[in-house]
Amino acid sequence: MSGLWDDSLKMFISENPQDFASWLFEGAIVVGKLLTEFKTRTLEADVLLDLIKDEEHFLLHIEFQSTNDPFIGERLLAYNFEARREHKLPVYSCVIYLRSEGQVPESPLYWEVANREVLEFHYQSIELAKLPTEGLRQTGLVGLLPLLILTREGATHEVADEVITKLEIAQKKELLSITKLLASLVFTSESDQEWLKWRFSKMQDILRETWAYQEILQEGREEERRQNLERLRQALLEIVQ
C-alpha cells in the first residue's frame with residue numbers, strides 16, 4: 001500500500017500500539033516502536049512493535065492489505081528476515097486484509113526443491129470480512145474500533161454510528177479520520193456514501209484538527225499549485241509561439 005492509505009494505516013497502529021498487541025498477543029506489553037525501513041534493501045514494512053510477553057522479548061510485524069497479494073508470504077518473509085537481522089530479535093508476522101478479494105494465500109509459505117523441503121515460514125492472516133463483528137467488539141479495545149466496520153456484519157449504518165459515537169466519547173478524535181477512510185472501502189453505494197458524508201458533516205470541526213485531515217488538505221494545496229504552474233507553463237508557451 002502507498003500514499004495516504006499507507007501513512008494513515010501506519011498512524012492507525014502507531015496511535016494505538018498496545019490495543020493491537022493485546023488483540024494479537026493477549027498479555028503482551030508494548031515497550032517500543034521500531035523503525036520499519038531496512039538499510040540493507042529498499043524495504044519498508046507497515047508496523048514493527050517491540051513486545052514483551054511472559055518475559056519473552058520479540059517483535060510483532062503487521063502488514064495491512066487492501067487487495068489480495070499472491071506473493072504476500074514472500075513479502076512477509078523478506079520483512080521478517082530483515083527485521084530479525086536488524087534488531088537481533090525473533091519476529092512474528094501478521095497480515096490484516098481490509099476487504100475480501102478472493103482466496104488469500106494460506107500460511108505457511110512452503111518451498112521445496114527436488115522433493116526436498118527448503119523452507120517453511122508461518123505467519124498469521126486475519127481476513128476482517130470473515131471476522132465476526134461481535135468477537136472484535138468484545139475485545140473492548142478502543143483503538144480497534146475503526147476495524148469493526150470492515151468485519152463480517154460491520155458494513156452497516158448502525159455499526160458505523162456505534163464506532164463514531166464510541167470514539168467521540170473516548171475522545172479519540174484522531175481515529176475518526178481513519179474510520180471515514182476505512183468506511184469508504186465498504187460503503188460503496190451512492191446512498192451509503194451520502195449517509196457517510198452526512199454523518200461526518202456533523203463533526204467537521206473535530207475532523208479539521210486531525211493529522212489525516214491536515215495531510216489531505218496539504219496534498220490538495222500541492223495539487224492546486226501544480227495545476228497553477230502547468231497553466232502558467234501553457235500560457236508562456238503560447239506567448240512564445
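Helices (H or I, at least four residues) and strands (E, at least two) are DSSP runs, numbered from the N terminus. On that basis, Gln171 lies in the loop between α5 (157-169) and α6 (174-186). The structure is a predicted model, in which local features need pLDDT of at least 70 and side-chain atom pairs count only at pLDDT 80 or more, while totals for chains, interfaces and linings use all residues. Residues are numbered from 1 along each chain as its sequence is written, and side-chain values use heavy atoms, with hydrogens and water left out.

**The open sheet**

- An open sheet is formed by 5 strands in the order β1-β4-β5-β6-β9, with mixed pairing; two strands pair if DSSP finds at least two bridges between them.
- The edges are held by β1 (29-33) and β9 (124-127), each of which has a single partner strand, so one side of each is left without a neighbour in the sheet.
- On average, neighbouring strands of this sheet are turned by 30° against each other, direction ignored; axes are lines fitted to C-alpha atoms, for helices over the stretch in contact, and angles run from 0 to 180 degrees between N-to-C directions.
- Within the sheet, β4 (residues 47-53) pairs with β5 (residues 56-65) in the antiparallel sense over 7 bridges.
- Leu48 has His61 in β5 as its bridge partner.

- His61, a residue of strand β5, counts as buried at 1% relative accessibility; buried means under 20% relative accessible area, exposed over 50%, and partly exposed in between (1.4 Å probe, protein chains only).
- The side chains of His61 and Glu63 are joined by a polar contact of 3.0 Å.
- A polar contact is a pair of N or O atoms within 3.5 Å; within protein, one must be able to donate a hydrogen and the other to accept it, and residues adjacent in sequence count only if both atoms are side-chain atoms.

**Surface patch**

- Ile29, Val31 and Ile52 make a nonpolar surface patch of about 240 Å².
- Patches are made of residues with over 30% relative accessible area and no salt bridge, where like charges are joined within 9 Å and nonpolar side chains (Val, Leu, Ile, Met, Phe, Trp, Tyr) within 5 Å.
- A salt bridge is a side-chain nitrogen of Lys or Arg within 4 Å of a carboxyl oxygen of Asp or Glu.
- Accessible areas come from the Shrake-Rupley method with a 1.4 Å probe; for residues, only the protein chains shown count as cover.
- Val31 is placed in strand β1 and counts as partly exposed at 47% relative accessibility.

**Helix α2**

- In helix α2 (residues 17-24), 6 of the 8 residues are buried, so the helix is largely enclosed by the rest of the structure.
- Its buried residues are Pro17, Asp19, Phe20, Ala21, Trp23 and Leu24.

- A cis peptide bond with omega of about 5° joins Ser107 and Pro108, and Pro108 is placed in the loop between β6 (91-97) and β7.
- Strands β7 (residues 109-113) and β8 (residues 116-121) pair in the antiparallel sense over 5 bridges, with Trp111 opposite Leu119 in β8.
- The hairpin of β7 and β8 has 2 residues between the strands, and Ala114 takes a positive phi near 50° there.
- Asn115, found in the loop between β7 and β8, has a positive phi of about 65° although it is not a glycine.
- At 71% relative accessibility, Asn115 counts as exposed.

**Gln171**

- Gln171 has a phi near 55°, a positive value in a residue other than glycine.
- With 72% relative accessibility, Gln171 counts as exposed.
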